[in-house]
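Good morning, and thank you for joining this group meeting. Please keep the sequence and the structure in view while I go through some of the features.

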Amino acid sequence: MASLSEQIPNRHVQRWVHDCAEKCSPASVRVLDGSPDEKQQLLAEAVANKVLIPLNRQKWPGCYLHRSHPQDVARTEHCTFICTPEKREAGPTNNWLDDRHAYAMLEAHFQGCMKGKTMFVVPFIMGPAGSPLAKVGIQLTDSIYVAISMGIMTRMGRQTWDQLGSTDDFTRCLHSVGDCDPKRRYICHFPHDNTIWSYGSNYGGNALLGKKCLALRIASFLGRKQGWMAEHMLLVGATNPQGETTYVTGAFPSACGKTNFAMMVPPADYRKAGWKISTVGDDIVWMYVNQRDGRLWAINPEAGYFGVVPGTSEKTNPNAMTAIRHDTIFTNVALLPDGDVWWEGKGDPPKECLDWRGEKWTPGCGRPAAHPNSRFTVSMWNNPILDPKADDPVGVPVSGIIFGGRRSDTIPLCVQSFNWSHGVYLGATLSSETTAAATGQVGVVRRDPMAMRPFCGYNMGDYFRHWLDMRKRLVDPPRIFLVNWFRKNEKGQYLWPGFGENLRVLEWMIGRCRGRASARETALGWSPTANDLNLGGLDLDAETWQRLQAVNAKEMQQELASQQELYDQLGDDMPRELVWQRELTAAAI
Ligand code: SAT
Ligand code: MN
């Protein structure tokens, strides 16, 4: 075995790994190279250690089940901290710790925490290799599940060293599962030091540090300093029958259908006409101003999808079903006696199975078989509709930005903002009913600005200002939209069919971006009439359409009142433009 310094060509990384190994005292240190052989070894080791259960080879080749600690099933926002010298930098929507205090407290937890274990050194690139936008991270972890998952979710391995060169421009990601006790769980970000320390959780958003921690919290902080944007958005291409491709991004809170939208199958009549959808990303984008055309361009920094499993089926997301057919890690789904897997929404329930905790489950036993936030981890290369530019170092031009939340009432199916600042207002006041993606109560309305509330690495007021300022750098800014697929009638039924039918709304949005679709003015923005949207073939009567698009004065007044909470919380940090935008809306209702 080559020595550590032979395996790690970069001196800065060598020194840091050495220091962390001294702190954590692992029995051994293993530097990953990202090769297929290595992946097979890691999988075999994880099976031997009962971290992974191999699934039925015929039905699910190369797939495994992982069962998490029962109290480690979602992001834990109350344990997530932005650590800076000043509280103002983190702002009122983040948990803050004084950085020196946080280091000192966590030192005590990391001290000797890897005794008897292997410390994996996981070098990875966020973004296409060779891209000037890409960022290097090195994650140290004592979790083989995390090491394997990072290999799927990022461009992991040897090529990282070329990207890094001899610089020390890398995010230092230190992770230990510790004893997985939720009382001793800390996900700490040190944006000034380009450092993340995560202790006490093995769950995706808490432990795969390239994802939310680096690509959103740290990257949003860097983006503001450097004039670009890191956003919690999908990125999708839509190609019309004329062969013209338009790219849009979409910001939706966790578990509101981003992955489904990004992998959408067009309705039958659209498919016949020649429409095609292609995925660039399902969760995170980095956007920058391309000096060649003055437009906003975007890349997906990730290389895999960490998607919600329940509700995924041949009907709702056949492309995801194809993608996860092989080489996928399932976390917290149900296991059948023959090594098949099942989850709620997949189809008929099995007569009997083991639930996500490994306990006997029968239909009607009163518990879900799969955890509501069970996940698949799969390479983007498995996606049958991966966009040909998904690995392009310059990314793709963004024509439209969609904000969306899960709201049973108040918010119409779709509107377009009047202009960029109004669009920033629509994004800043985005709200959604909470889901199982984070621990806490499910189904309560919360403000989730740009779907970034849990992921913004600095003061939300400064983040809004950064959004407003980006307009000045753009010659031709993307058009901004607000959508809500989840409006219900008084019986609690969804008014809009959603899924592939969302392409009808997307087609209108693309038409607006390209200046060829019409709309009428409402208090909330430009709104399509039934004639502006292709509703042919949908079983949707005029009254339902009316209710989908209604801007109800009473509901809107409540909405504006509830926005006040966010405005009060941000106080003087809230940009004046957004105060005015809200006043203009109030006056228009
Ligand atoms: O669990 S993750 O944070 O990775 C996914 C999500 O909540 O969006
Ligand atoms: Mn997400």
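Let me begin with Arg 75, which counts as buried at 5% relative accessibility; buried means under 20% relative accessible area, exposed over 50%, and partly exposed in between, with a 1.4 Å probe and protein chains only. Arg 75 forms a salt bridge with Glu 77, with 2.9 Å between the closest N and O atoms. Glu 77 is partly exposed, its relative accessible area being 22%.

This is a predicted model, in which local features need pLDDT of at least 70 and side-chain atom pairs count only at pLDDT 80 or more, whereas totals for chains, interfaces and linings use all residues. Residues are numbered from 1 along each chain as its sequence is written, chains are lettered from A and ligands numbered from 1 in the order in which they are written, and side-chain values use heavy atoms, with hydrogens and water left out.

Side chains of opposite charge can pair when their charged atoms come close. Here a salt bridge is a side-chain nitrogen of Lys or Arg within 4 Å of a carboxyl oxygen of Asp or Glu, and the count comes to 35 salt bridges. One of them joins Glu 107 and Lys 23, with the closest N and O atoms 3.3 Å apart. Glu 107 lies in helix H5 (residues 99–110) and Lys 23 in helix H2 (residues 11–24), so the pair ties together parts that are 84 residues apart in sequence. Helices (H or I, at least four residues) and strands (E, at least two) are DSSP runs, numbered from the N terminus. Lys 23 is buried, at 12%, and Glu 107 is partly exposed, at 29%.

Glu 244 and Arg 514 also meet in a salt bridge, at 3.5 Å from N to O. That pair links distant parts of the chain, 270 residues apart.

His 232 is buried, with a relative accessible area of 0%, and Asp 283 is buried at 8%.

Next, the domains, whose bounds come from an automatic or database domain assignment. The protein is divided into domain 1 (4–31 + 74–226), domain 2 (231–300 + 390–588) and domain 3 (306–382). Between domain 1 and domain 3 the buried area is about 830 Å², of which carbon and sulfur atoms give 67%; buried area is the accessible area (1.4 Å probe) that two parts lose on being put together, summed over both. Tyr 145, Ile 152 and Tyr 203 supply 54% of the area that domain 1 buries against domain 3, more than any other three residues. How many salt bridges are there between domain 1 and domain 3? The count is zero.

Finally, Ser 399 is found in the loop between strand S25 (396–397) and strand S26 (400–404). Ser 399 is buried, with a relative accessible area of 12%.
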